[in-house]
Amino acid sequence: VQLVESGGGLVQAGGSLRLSCAASGSTFSINAMGWYRQAPGKQRELVAQITTGGGTTNYADSVKGRFTISRDNAKNTMYLQMNSLKPEDTAVYYCNARSDAHTPEEDEYYWGQGTQVTVSS
């Protein structure tokens, strides 16, 4: 599975951005996709996740009500609509895909190259 993100950039606080993640390869094996982010000096954290089957979503508390994750299975593309952006949202955003195995320890994870999001105050 290959993942390619796009849509990052520089935006003022209060503004919006939309990230896209296009998946290719063995996309039939993907069970869930998500967005993670990593700010300088901090650990990578989960921002939002969506299952490819039922479309169940979950969000980090810090982005609830501001970010919306969605996917278009026909296009093998996932999106992250980010509204009311704050300077603390500044980070490199990574697309992630998970293929479930028989046990969680055997699950396979795939990552995109990351896209920079910078929110100025």
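Here is a chat about a predicted model of one protein chain, going from the overall fold down to single residues.

User: What makes up this chain, helices or strands?
Analyst: It's strands: the chain has zero helices and eleven strands. Read from the N terminus, the elements go β-β-β-β-β-β-β-β-β-β-β.

User: How do you know what a compact globule would look like at 121 residues, and what does the chain have?
Analyst: The rule puts a compact globule with 121 residues at a radius of gyration near 14 Å, and the chain has 14 Å, so the two agree. Along the principal axes, the C-alpha trace spans about 45 × 30 × 25 Å. As for what's inside, 42% of the 121 residues count as buried. And if you take contacts with a separation of 6 or more, 53% of them come from residues 24 or more positions apart.

User: Why is the link between Cys21 and Cys95 called a disulfide?
Analyst: The cut-off is a pair of cysteine sulfur atoms within 2.5 Å. For Cys21 and Cys95 the S to S distance is 1.9 Å, so the pair passes that cut-off. The structure holds one disulfide. This pair ties together distant parts of the chain, with Cys21 in strand S3 (residues 17-24) and Cys95 in strand S9 (residues 91-99), 74 residues apart.

User: What makes this disulfide left-handed?
Analyst: The torsion about the S-S bond of Cys21 and Cys95 is about -70 degrees, so the disulfide counts as left-handed.

User: How do you know whether Cys21 and Cys95 are buried or exposed?
Analyst: Buried means under 20% relative accessible area. Cys21 has 0%, so Cys21 is buried. Cys95 also has 0%, so Cys95 is buried too.

User: Which residues touch the most other members of the largest nonpolar core?
Analyst: That core has 29 residues, and the ones touching the most other members are Leu3, Met33, Trp35, Leu80, Met82 and Tyr93. Several elements give two or more residues to this core, among them S3, S9, strand S4 (32-38) and strand S8 (77-82). In general, nonpolar side chains tend to be buried together in soluble globular proteins.

User: What makes S1 and S7 edge strands?
Analyst: Start with the sheet: four strands form an open sheet in the order S1-S3-S8-S7, with antiparallel pairing. Strand S1 (2-6) and S7 each have a single partner strand, so one side of each is left without a neighbour in the sheet. From one strand to the next, the twist averages 15 degrees.

User: How do you know that S3 pairs with S1 and S8?
Analyst: Two strands pair if there are at least two bridges between them. Five bridges join S1 to S3, and six join S3 to S8, so both clear that cut-off. For instance, Gln2 has Ser24 as its bridge partner in S3, while the bridge partner of Ala22 in S8 is Thr77.

User: Which residues of S1 are on the covered face, and which on the uncovered one?
Analyst: Leu3 and Glu5 make up the covered face, and Gln2, Val4 and Ser6 the uncovered one. Leu3 is also one of the core residues that touch the most other members.

User: Why is Asp89 called buried?
Analyst: Its relative accessible area is 1%, which is under 20%, so Asp89 is buried. Asp89 is in the loop between S8 and S9. Leaving aside neighbours within four places in sequence, Asp89 is in contact with Arg37, Arg66, Phe67, Ser84, Val117 and Val119.

Definitions and conventions: Residues are numbered from 1 along each chain as its sequence is written. This is a predicted model: local features need pLDDT of at least 70, side-chain atom pairs count only at pLDDT 80 or more; totals for chains, interfaces and linings use all residues. Side-chain values use heavy atoms; hydrogens and water are left out. Buried means under 20% relative accessible area, exposed over 50%, partly exposed in between (1.4 Å probe, protein chains only). A nonpolar core is a set of buried Ala, Val, Leu, Ile, Met, Phe, Trp, Tyr and Cys residues joined through side-chain atoms within 4.5 Å. Axes are lines fitted to C-alpha atoms, for helices over the stretch in contact, and angles run from 0 to 180 degrees between N-to-C directions. Contact means heavy atoms within 4.5 Å. The radius of gyration is taken over C-alpha atoms; the globule rule is 2.2 Å times the number of residues to the power 0.38.
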